[in-house]
Amino acid sequence: MRVIPVLTALLVTAFLYVAVFERDRLMNLARGGVEAEAPQETVASPQPAAAPAQQPSPTVGVVAFKSRAQVIDRAVILRGETAAARQVDVRAETSAVILSEPLRKGQFVEAGQELCRLDPGPRDAALKEMQARLNEARSRVPETAARLDEALARLAEARINDTAANRLSEGGFASDTRVATTKAALSSAQAGVESARAGLQAAQSGIQAAEAAVASARNEIDRLTIKAPFAGLLESDTAELGALMQPGSLCATVIQLDPIKLVGYVPETEVDRIIPGAMAGARLASGREVQGQVTFLSRSSDPTTRTFLVEVEVANPDFSIRDGQTAEIGILAAGEMAHKLPQSALTLNSDGKLGVRSVGADGLVEFQPVSVLRDEMDGVWLGGLPDEVDVIVVGQDFVTAGVRVEATYRELGQ
């Protein structure tokens, strides 16, 4: 039956309560019973009963530690990974066959170093043709300029004749026909000037078009040599000799590992404690520890996780840190006052809040809510406590706030 286990549990609970919290009263009752059983030699006449003496409130023995706050450098701890400072897939911009021997992956390349060289084909001939057209266009400029000068001279002559005819006509020495002829010649000369100017502009436009064609042909030839955009390591072999490259075909992948980045995501509750330029450290999965500096803190959160991207730059001159390694990142933040206590000192109150129990005024127990700032092998750093506090480290789970205790003090580690 289930009644017997329940009754047994209730009896055990009552026994423990009496043994722990009512120990002194139980002892006093035991002493009073022994004295009552002692023989009485004389029976005195009845006297008025005296008022019973008030028993002192029972005390519970505990062990406490006098803790003083210390300043700790609290770090923001993140989980992240290493990432190359730069990585690019170098691709072809034109069609041709590879003529150069391939470079093998893992090789270091300098900025501007040749990675792939393509067959020029008819591109050299096309460049020479464009240069010839440019020379031809330039040769037309003097001719058109001379035509413009000739047209301007004819215009000046036509103006002189028109002026003379008008004056003679005013004196009655020239007919109306002559005046009309000189005006027609003036208009024709003006039209000739405009035509010559248009021819000169066309010649100059032809030069610009030829120069653009030459530049395009040279650019096409420059595309035949694919170069490294920056100094770094080849993450893949370059394109093989004889391979046909199309626009967008991969020549090689280049990564820059010095410096290398540590990338992590900061929760929104901690983001205000990080500033760009702050010192940071990390422990890689291999156990290696590195140090660097915060170079970037995102202003926009990830819409899914509500976290903010942070990047730490770390020197990597020997390329020993690889791209994609797991890292535990610690970013230095402002210092904070804290107490270092054993984990066993932590307890919960009736509301489920985490804290410690301390010895207050007159030996009464007080509950102090705390926040865990850092967890170490030999204890935890707690915030939210006064600068000096007597923390109960043994027996805190057998007392509650307001209970009088008799504290025995000791140093941690004893």
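This is a predicted model: local features need pLDDT of at least 70, side-chain atom pairs count only at pLDDT 80 or more; totals for chains, interfaces and linings use all residues.

Trainee: How many residues line the largest pocket, and which of them lie nearest its centre?

Mentor: There are 13 lining residues, and Ile77, Gly281, Arg283, Glu328 and Gly330 lie nearest the centre of the largest pocket. Strands S3 (75-91), S11 (279-284), S12 (289-297), S14 (326-332) and S19 (371-376) each give two or more residues to that lining. The largest pocket holds about 290 Å³ of space, and its lining has six nonpolar, three polar and four charged residues.

Trainee: Which residues touch the most other members of the largest nonpolar core?

Mentor: They are Ile329 and Ile331, in a core of 27 residues. At least two residues of this core come from each of S3, strand S10 (250-267), S11, S12, strand S13 (307-314) and S14. S10 gives the largest share, five residues.

Trainee: How should I read backbone angles?

Mentor: The general idea is that most residues other than glycine have a negative phi, and most peptide bonds are trans. In this structure, the peptide bond from aspartate 258 to proline 259 is cis, with omega near 0°. Proline 259 lies in strand S10.

Trainee: Where does phenylalanine 319 lie?

Mentor: Phenylalanine 319 is in the loop between S13 and S14. Its phi is positive, about 60°, although the residue is not a glycine. With a relative accessible area of 29%, phenylalanine 319 is partly exposed.

Trainee: Is aspartate 362 buried or exposed?

Mentor: Aspartate 362 has a relative accessible area of 64% and is therefore exposed, as the term applies over 50%. This residue lies in the loop between strand S17 (354-359) and strand S18 (365-369), and its phi is also a positive value, near 60°.

Trainee: Lastly, what lies over the face of tyrosine 409?

Mentor: Lysine 66 lies there, at 4.4 Å from the ring centre. Arginine 86 lies over the face of phenylalanine 230, at 4.3 Å from the ring centre.

Key: Residues are numbered from 1 along each chain as its sequence is written. Side-chain values use heavy atoms; hydrogens and water are left out. On a 1 Å grid over the protein atoms alone, a cavity is a set of points where a 1.4 Å probe fits but cannot get out, and a pocket is an open set with protein on both sides within 12 Å along at least five of seven lines; lining residues have an atom within 4 Å of a point. Grid points are joined across faces, edges and corners, and a volume is the space filled by probe spheres set on the points. Helices (H or I, at least four residues) and strands (E, at least two) are DSSP runs, numbered from the N terminus. Ala, Val, Leu, Ile, Met, Phe, Trp, Tyr, Cys and Pro count as nonpolar, Asp, Glu, Lys and Arg as charged, and the others, Gly among them, as polar. A charge sits over a ring if NZ of Lys or CZ of Arg is within 6 Å of the ring centre and within 35 degrees of the ring normal. A nonpolar core is a set of buried Ala, Val, Leu, Ile, Met, Phe, Trp, Tyr and Cys residues joined through side-chain atoms within 4.5 Å. Buried means under 20% relative accessible area, exposed over 50%, partly exposed in between (1.4 Å probe, protein chains only).
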